[in-house]
Amino acid sequence: MSRRRRVSPVVWLLLPWALVYGAFFVFPFLFSFVLGFLHYNPLNVANTTFVGAGNVTRLFGDADFHSALRNTLFFVIGTVPVTTTLALGLAWLLHAPLPMKDAFKAAMFLPSILSVVVIALLFKLFYAPGGALNETLRALGLQTHGWLTDPATALPAIMAMDIWAAVGYYALVLYAAFTSIPESLYEAATLEGAGHWATFRHVTLPMLKPALGFVLVINTIRSFQVFVEVLVMTQGGPLGSTNTLVMMLYDTAFRRLDYGYSSVIAYAVFILSGVFSVFALRRMRSQTPVQQRGMPA
Amino acid sequence: MMRYLRWIVLLVAIVLMAYPLGWMIAVSLRTSDGLNLRYYADVWNSGPFDRYFINSLAVAAVVVLGNIVFCTMAGYAFARYRIRGGKLLFFLVLSTIMLPKQVILVPLYIEMQRLGLIDSYWALTLPFLVDPFNIFLIRQYLLGIPTDCEEAARIDGAGELFILFRVVFPMLTPVLAVVAIHTTLTNWNSFLFPFILTNSTSMRTLPVGLALLAQGAYSIDWGHLMAGAVLSALPVVVAFLIFQRRIIGGLTTGMTR
């Protein structure tokens, strides 16, 4: 009786993932690395030249890159702490027996189910000359302003929009963490005679630390990649004041057709947000299945 | 007392947050002859818009289905089999969740162009069929449920395919709901890759079509644009209002633990 050697089920179980992952992630990822060493213009592929580290040296001396980096860092530092603080406040407010709680939660979550394009268009109108913000200012007898056309206010205006769009989601993530703090800890704190602030400082905050860490890391990674909002609202202008790293990457690749240089910018974004990804990965790997039981039923 | 104060502060915050949304809807309804749905009718009948809608719907359907089947297979393998190098493989899965996708934007574009797939449904679906985040969700969920049923089926002589799709699959319903919601939302709202990987009007999806509408050569026609924005968001908003609890729970609770 001859028995054919059977292929382990693992092979065919992982095959679809391996194919898609290999063809549409690993390959382009490695290809991107190679591109970074080339001068590659899609309209003139025959003239592709090897420039070695040329694109990297160019990056360090490029004033556009410096301003894109500054704008992106300003965006991250200006939004992430604000969003997190506001989200924490909203989560705390929500964590009590309140009437209409489900409606509140739905309203807070709503922006996160909308496309960034829809949100960006909505705020382009919001900031426009006849838009909600200026009309309100006018009604109050205040000065109107070209929020997106003034280089001083364009980036802050986009940042305010990002906070608006993100705060509800993170508030609900933190709210979920609030509800998982055992009531007994609060009872103990009350018995010890701890006041509101002391309870928040010594019970709530330490218990929220993992969730806060998650929110900070995810939001930071996401914010380093800010792009679609900029493309729809200002295209990097006025005067480059909203030019972010990914906006510059897009511009370099698809408007200036300089694929090699764009790959180096891509790797800069990759390394910057990669530092934060490492923290996030550590957390995800350390998750145990028991803790995961919090999954919704 | 404290409770009402909380409630009022929350209400004020939410009204402030809803203000831009309310303004959008008002602009989309306010035409030269009063409040009506004229802009909506115009947008819907304007030619490409219904095509964008169908494209978005078709692409989302294929991608969600692909993720449910393929991510279940991979998640099951990672949860239930001893794989040589399995730890490394799973680390690769995790790392793709976190990495900025923009890194592969240009090379993926070149690759699709060389394969002759630019501006096709292939380009809009193939790269997104197996989202590593879904593999992660399914694996974690499986690790939390005992293997008893699978063992019993195996003793009864059931094949692996039968075990996966008839025994394990039904137990995964809660996590697959989260997978479906997450994938639908991500795909329906996705802009960057569909924007880069297509170039003809007939292949655009809703977010791309909308963004291009706003970049038109004419001064922006806010009424029509906002009607388009509302129309494009309507399906997910309606679905959200119906499955509200599950969606909020699914996309917030499972994340942080």
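Modeller: Domain bounds are those of an automatic or database domain assignment. The model is predicted: local features need pLDDT of at least 70, side-chain atom pairs count only at pLDDT 80 or more, and totals for chains, interfaces and linings use all residues. Residues are numbered from 1 along each chain as its sequence is written, while chains are lettered from A and ligands numbered from 1 in the order in which they are written.

Colleague: How many Å apart do the C-alpha centres of domain 1 and domain 2 of chain B lie?

Modeller: In chain B, domain 1 covers 1-36 and domain 2 covers 47-256. The distance between their C-alpha centres is 32 Å.

Colleague: Which helix gives the most to the side of domain 1 of chain B that touches domain 2 of chain B?

Modeller: Five residues of domain 1 of chain B and six residues of domain 2 of chain B make the contact (C-beta atoms, placed from the backbone, within 7 Å). Helices are DSSP runs of H or I of at least four residues, strands are runs of E of at least two, and both are numbered from the N terminus. With four residues, the most on the domain 1 side comes from helix α1 (residues 2-29) of chain B.

Colleague: Why is chain A more spread out than a compact globule?

Modeller: Chain A has 12 helices and two strands. The globule rule is 2.2 Å times the number of residues to the power 0.38, and the radius of gyration is taken over C-alpha atoms. For 297 residues the rule gives 19 Å, so chain A is more spread out than a compact globule, its radius of gyration being 24 Å.

Colleague: How many residues of chain B that touch chain A are nonpolar?

Modeller: The contact takes 79 residues from chain A and 75 residues from chain B. Ala, Val, Leu, Ile, Met, Phe, Trp, Tyr, Cys and Pro count as nonpolar, Asp, Glu, Lys and Arg as charged, and the others, Gly among them, as polar. On the chain B side, 14 are polar, six are charged and the nonpolar ones number 55.

Colleague: What is the orientation of α1(A) and α5(B) to each other?

Modeller: Among the residues that meet are A:Phe24 and A:Phe27 in α1(A) and B:Val106 and B:Pro107 in α5(B). The axes, lines fitted to C-alpha atoms over the stretch in contact, are 8 Å apart at about 110°, with angles running from 0 to 180 degrees between N-to-C directions. Angles under 35 degrees count as roughly parallel, over 145 as roughly antiparallel, 65 to 115 as roughly perpendicular and the rest as oblique. The two helices are therefore roughly perpendicular.

Terms used. Two residues are in contact if their C-beta atoms, placed from the backbone, lie within 7 Å.
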